[in-house]
Amino acid sequence: MARAEKIKYLIIGNSAGGIGAAEAIRGVDKAGTLTIVSDEPYPAYSRPLISEHLSEGRPLEKILYRPADFYDKNKIKTLFGDKVAQINFSERTLELESGRTIAWQKLLLATGGSPIVPGMEGKDLKGVFTFTTLDDAKAIDKFLKQRQGKIKAVVIGGGLIGVSATEALLKRGVEVSIVEMKDWILNTILDEEAAALEAVALSGAGVDIITGHTVARINSSLLGEVNGISLDDGRSIPCDMVVVAIGVTPRLDLVAGNGVKTNRGIIVDRRMATSVPGVYACGDVAEAYDFVYGENRVTPVWPNAYTGGRVAGLNIAGKKAEYGGGTAMNALKYFGVNILSAGMVTPPDDSYEVISQRGDGIYRKVIIKGGEILGMVFAGDIEKAGIIYNLMKDGVNVAAFKEALVADDFGLASLPEKIWRARLEIPASEEASIVPPVELPEEAVIDE
Amino acid sequence: MRKVYVREEVCIGCRLCEVYCQLKHARSKDLVKAFKRESPPPLARIRVDEKGVVSLSVRCQQCDDAPCVQACLTGALERNPESRLVNVDEDRCIGCWTCLLVCPLAAIKPDTEQKRALKCDLCQGEEIPVCVANCPNEALVYVEV
Ligand SMILES: Cc1cc2nc3c(=O)[nH]c(=O)nc-3n(C[C@H](O)[C@H](O)[C@H](O)COP(=O)(O)OP(=O)(O)OC[C@H]3O[C@@H](n4cnc5c(N)ncnc54)[C@H](O)[C@@H]3O)c2cc1C
């Protein structure tokens, strides 16, 4: 075997997690060799924006996550459009599909998730798509451009990705039906009431929503193209295309049977380290600490991938950093309905307290147990939601002011003085000097 | 860098800071035109929270390790390495509101009409931010920290 080059920091996955790590590494070590491998042939782009690419043709340059000169500027070597075929953890090498072998000192697995496609009849037909990559969006775009007349789509799965695909298709003039197995759409990220607000908006835009059913089969025309689907109750819906959006699953292929501890995802500690020394993981592939549940969970959202990546990167580069934890959190703006949710969205049993407020398209709800917030859903009026999220993240006991959390006039001033002072106070630093100089009352500068 | 802080003890909740912020970020620099004729109306990037006798003029504190920058889905939120200011690149912001969810001060204002996040920019081009300069009670101070 040819003498392999040895890379100090090797990152697999060029998305939120990989970039978070690369930026953190470069914050500590400006020169150590850093390589990012990705099987997608593009510089990092904002994955959620593939919907904008499909709906309005927003080009790659306008969905880039970082400026075009990012890799050069940060001395990052890129191997894009190449796939890691396998990793040898004891030798600390990996093999690329292109045939190269690379040796590494520290490795980050930021391989994300892959779309789940159930083994149903017709899944390989022309006109069946998934919707998680820019190439997926491009493939759908190409399909739509080749077709004449009214196109009808069935989106399987009413989660975030399904709704995102639906909005884009609708904007392209496609008629859409969503088939959702559970009782309401967006059921993993919204409670029934907030989901209903979204469902009303979707229906108003002409989307046909079928809940409580699954697609049993995708039907084919004589030409081998999609011409409809059959539901589990035997009903069939004619359509020209299908988008399978029932979820993503951690992409574990590289670690399978390799000694890296996994559950649903790759298990990492608070430093984002896996069970194998020198190997870290973050993002959709990882099962990291969830501060709401107090245990490791897969929380496949962009901010957690970036932040987890950042923590991994700091540790990889030799700094000590701990992941404060993340939880499921989502911001939705589909069809003009603004909703923010985080943590639990429905209490698992009646030992939880629910405090809510509703009216006129506005809905605010917090879930509390033992005085601490464990979940939140804010729809319509979302401006103060960040205050609530941070009370939840910080584990603040809100028992004494819980009713205020969902009130119309809620704000920082509704919190105990100690809390707002800590957030707004001038840091007690010797260098702090006021411009222009004014006299401060004593208590404003004293750290309690 | 310099940041704006509120001295709660002397903030009376007059909201002039909001008004000046709106005007500063309006297309028209004329108070009456900005408030009566601009459509969409100019939005303030700061906010006064009140409860009983407590009033707090709140704005982005340009956090170190800013959670909004980390959470931003598109990369529109970025920290200027020289000024340390956290900026929103309005071309790249799509108004997904993820930043709102993580901000401990709720200091990001959603412009739901134009679908972009707005935040305090410390009035670039001004010696002192207009909220500080126009606070009748010197309740806002501009501090080097
Ligand atoms: C349509 C859509 C909308 C979304 N909307 C939101 C939203 O509004 N808010 C939100 O928070 N999140 C959203 N998400 C989820 C978000 O995109 C993910 O949580 C995030 O991308 C996870 O980042 P990551 O770095 O862990 O992995 P990914 O973004 O999945 O990237 C992993 C990368 O690694 C590459 N890779 C994997 N294996 C290999 C290998 N063997 N060799 C080489 N390369 C490999 C993959 O090809 C991929 O490029 C959305 C996702 C989709 C698809």
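Mentor: In this predicted model, the C-alpha centres of domain 2 of chain A and domain 3 of chain A lie 34 Å apart. An automatic or database domain assignment sets the bounds, placing domain 2 of chain A at 117–246 and domain 3 of chain A at 336–424. Local features require pLDDT of at least 70 and side-chain atom pairs pLDDT 80 or more, whereas totals for chains, interfaces and linings use all residues. Residues are numbered from 1 along each chain as written, chains are lettered from A and ligands numbered from 1 in written order, and side-chain values use heavy atoms, without hydrogens and water.

Nine residues of domain 2 of chain A touch 11 residues of domain 3 of chain A, with contact meaning heavy atoms within 4.5 Å. The two domains bury about 850 Å² between them, 62% of it on carbon and sulfur atoms; this is accessible area (1.4 Å probe) lost on being put together, summed over both parts. On the side of domain 2 of chain A, the greatest losses fall on A:Asp191, A:Glu193 and A:Leu197, which together account for 52% of what that side buries.

Two salt bridges cross this interface, under the rule of a Lys or Arg side-chain nitrogen within 4 Å of an Asp or Glu carboxyl oxygen. A:Asp191 also pairs with A:Lys365 in a salt bridge at 2.9 Å, N to O.
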